[in-house]
Amino acid sequence: MTHTRYAFIKAQWHADIVDRALEGFLQLIPAEQVDVFDVPGAFEMPLMAQELAKTGKYAAVACAAFVVDGGIYRHDFVAQAVVDGLMRAGMDTGVPVLSVSLTPHQYQETEHHNAIYRAHFVEKGREAANAALMITKTRETALAA
């Protein structure tokens, strides 16, 4: 069965930056085909991705978060747990789970840095949409063979 729906999960920490990834995603995949879900932070994304993937409704699930270095090593642990969890969600469900999760080590909450990351998230959203479309097409071709 060909799926034409996609899920997009966004962490609300730094939503003004993270939400730009959805903008980029919607430049390539029509909004009518995308269900959007907000979660409190990056750490909550893997479970939500797994639950959405298990529904069988989605060709792929994209997840966006911005995990910043707050001067302690916590961000490294969170980022690693999130990426591992997203990969596991995809492997366990057989549904591609894509990460648009960035973890800059030199982020400063200035307008200059915010502008850079807002633009970067738009591009990363487009890249996630491209990946979602490509993996969907590749899987359809492989399964039809």
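These are my notebook entries on one chain, taken from a predicted model.

**Overall layout.** I started with the secondary structure. I find four helices and four strands. Reading from the N terminus, I get the order β-α-β-α-β-α-β-α. The chain has 145 residues, and 43% of them count as buried. I then looked at contacts between residues at least 6 apart in sequence. Of these, 78% join residues at least 24 apart.

**Helix α4.** Next I looked up α4, which covers residues 111–144. I count 34 residues here, and the first and last C-alpha lie 49 Å apart. That is close to the 50 Å expected at 1.5 Å a residue. Which residues of α4 are buried? I list His-113, Asn-114, Tyr-117, Phe-121, Val-122, Gly-125, Ala-128, Ala-129, Ala-132 and Thr-136. I keep in mind that an α-helix has 3.6 residues a turn, so residues three or four places apart point the same way. What do the buried residues of α4 pack against? I find strands β1 (6–11), β3 (60–66) and β4 (97–102), along with helix α1 (15–26).

**Ser-101.** I moved on to Ser-101, which sits in strand β4. Is Ser-101 buried or exposed? I log Ser-101 as buried because its relative accessible area is 18%, and the cut-off for buried is under 20%. The side chain of Ser-101 makes a polar contact with the Ser-99 side chain at 3.2 Å. Setting aside neighbours within four places in sequence, I see Ser-101 in contact with Met-45, Cys-63, Ala-65, Val-82 and Leu-86.

Key
Residues are numbered from 1 along each chain as its sequence is written. This is a predicted model: local features need pLDDT of at least 70, side-chain atom pairs count only at pLDDT 80 or more; totals for chains, interfaces and linings use all residues. Side-chain values use heavy atoms; hydrogens and water are left out. Helices (H or I, at least four residues) and strands (E, at least two) are DSSP runs, numbered from the N terminus. The expected span of a helix is 1.5 Å times one less than its number of residues. Buried means under 20% relative accessible area, exposed over 50%, partly exposed in between (1.4 Å probe, protein chains only). Contact means heavy atoms within 4.5 Å. A polar contact is a pair of N or O atoms within 3.5 Å; within protein, one must be able to donate a hydrogen and the other to accept it, and residues adjacent in sequence count only if both atoms are side-chain atoms.
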